[in-house]
Amino acid sequence: MLADADAAAIAMREYFTGLCADRRARPRDDLVSALVQVSDADSARLNRDELLANLMLLLVAGFETTTNLLGNGLRIVLGEPSLRSGLSGGSVPAGQFVAEALRYDSPVQLTSRRATVTAEVGEVTTAPGAEVITLLGAANRDPRRFGAPNEFRPARRAGQPADQLRRGRPFLPRRRPGPARGGRRVPPAAGPVSPDGPGG
Ligand code: HEM
């Protein structure tokens, strides 16, 4: 499986290398052409590796997430006929449906952070520089945050995806190393019980 992932990453990099060469030779009014021009004009601003990494990030971040949300949402609708009629009739607002689909079957199940300080998250202590894998999918099913978390309920008032870790500043995205500072306690990822209480 890792070999397949490596091969796919290499193939994607080769694809974007070719695409950049094409846009360098024949610029268009598009993002790839604009980024190639920035990189060619000033590699200190955007070097070749950064150019390719950003293009790969944008493809995966923009494509995997949206297609998976559409697919997961469709599967939910097909499995529950009342949702289908509620959506078409307007009794289930589309926005609430999407927010609950993001919680119930999130396209992004995990992400990571680099700890910048000594921090306690629940019962785990992280050292400065440690990489922390955050399981967003599990947090979105935490019964302390969402009542009946395994049920799809578009009317939840607290139906937003878990965002506890995005509120604090003790962690930075993995690729940005940060200075070590004093120790700090971080609330558990699950956070407090929602304002709705466990029934929400
Ligand atoms: C249903 C759609 C989407 C979902 C659920 C989603 C989810 C997320 C999440 C959870 C993160 C934070 C990751 C982290 O902080 O570790 C993120 C970051 C990001 N997303 Fe999306 N995303 C979606 C659509 C898109 C689209 C359409 C694009 C671009 C075309 C995009 C580009 C990005 C980028 C560039 C980042 C990184 C931002 C940074 O590191 O500062 N996303 N997304």
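Reader: What lies between β2 and β3 in the hairpin that they form?
Author: In this predicted model, two residues lie between β2 and β3.

Reader: Why is alanine 148 called exposed?
Author: Alanine 148 has 12 C-beta neighbours inside 10 Å. A residue is exposed if the count is 12 or fewer, so alanine 148 is placed in the exposed class. Alanine 148 belongs to the loop between α6 (136-139) and α7 (164-167).

Reader: What is the phi of alanine 148?
Author: The phi of alanine 148 is near 40 degrees, which is a positive value in a residue other than glycine.

Reader: Why is glutamate 151 called exposed?
Author: Glutamate 151 also lies in the loop between α6 and α7. The count for glutamate 151 is 10 C-beta neighbours inside 10 Å. With a limit of 12 or fewer, a count of 10 qualifies, and therefore glutamate 151 is exposed. Between the C-alpha atoms of glutamate 151 and glutamate 100 the distance is 9.9 Å, although the two are 51 residues apart in sequence.

Reader: Which residues of helix α5 are buried?
Author: Helix α5 (residues 94-104) has Phe97, Glu100, Ala101, Leu102, Arg103 and Tyr104 as buried residues. Being buried requires 20 or more other C-beta atoms within 10 Å. The cover over the buried residues of α5 includes α3 and α4 (81-89).

Reader: Why is threonine 17 neither buried nor exposed?
Author: Threonine 17, a residue of helix α1 (residues 2-25), has 14 other C-beta atoms within 10 Å. From threonine 17 to leucine 52 the C-alpha distance is 7.1 Å, across 35 residues of sequence.

Reader: Which residues make up the largest nonpolar core?
Author: That core has five residues: Cys20, Val36, Leu51, Leu52 and Leu55. Three residues, the largest share of this core, come from α3. The contacts of leucine 55 include Phe16 and Val32, when residues up to four places away in sequence are left out.

Reader: How many charged residues are in the shell around the ligand?
Author: The shell has no charged residues; eight are nonpolar and four are polar. Of the 12 residues around the ligand, Ala61, Gly62, Thr65, Leu69 and Thr111 come nearest. Helix α3 (residues 48-79) supplies seven residues, the largest share of the shell.

Reader: Which domains contribute to the shell around the ligand?
Author: Domain 1 (1-79) and domain 2 (93-200) each give at least three residues to the shell.

Reader: What is the share of buried residues in the chain?
Author: Of the 200 residues in the chain, 16% are buried. The chain has seven helices and six strands. Among contacts with a separation of 6 or more, 65% involve residues 24 or more positions apart.

Key: Residues numbered from 1 in each chain as written. Predicted model: local features only at pLDDT ≥ 70, side-chain atom pairs only at ≥ 80, totals over all residues. Near = placed C-beta within 6 Å. Helix = DSSP H or I, 4+ residues; strand = E, 2+ residues; numbered from the N terminus. Nonpolar A, V, L, I, M, F, W, Y, C, P; charged D, E, K, R; others polar. Domains from an automatic or database assignment. Pairing = 2+ DSSP bridges. Core = buried A, V, L, I, M, F, W, Y, C linked by C-beta atoms within 7 Å. Contact = placed C-beta atoms within 7 Å.
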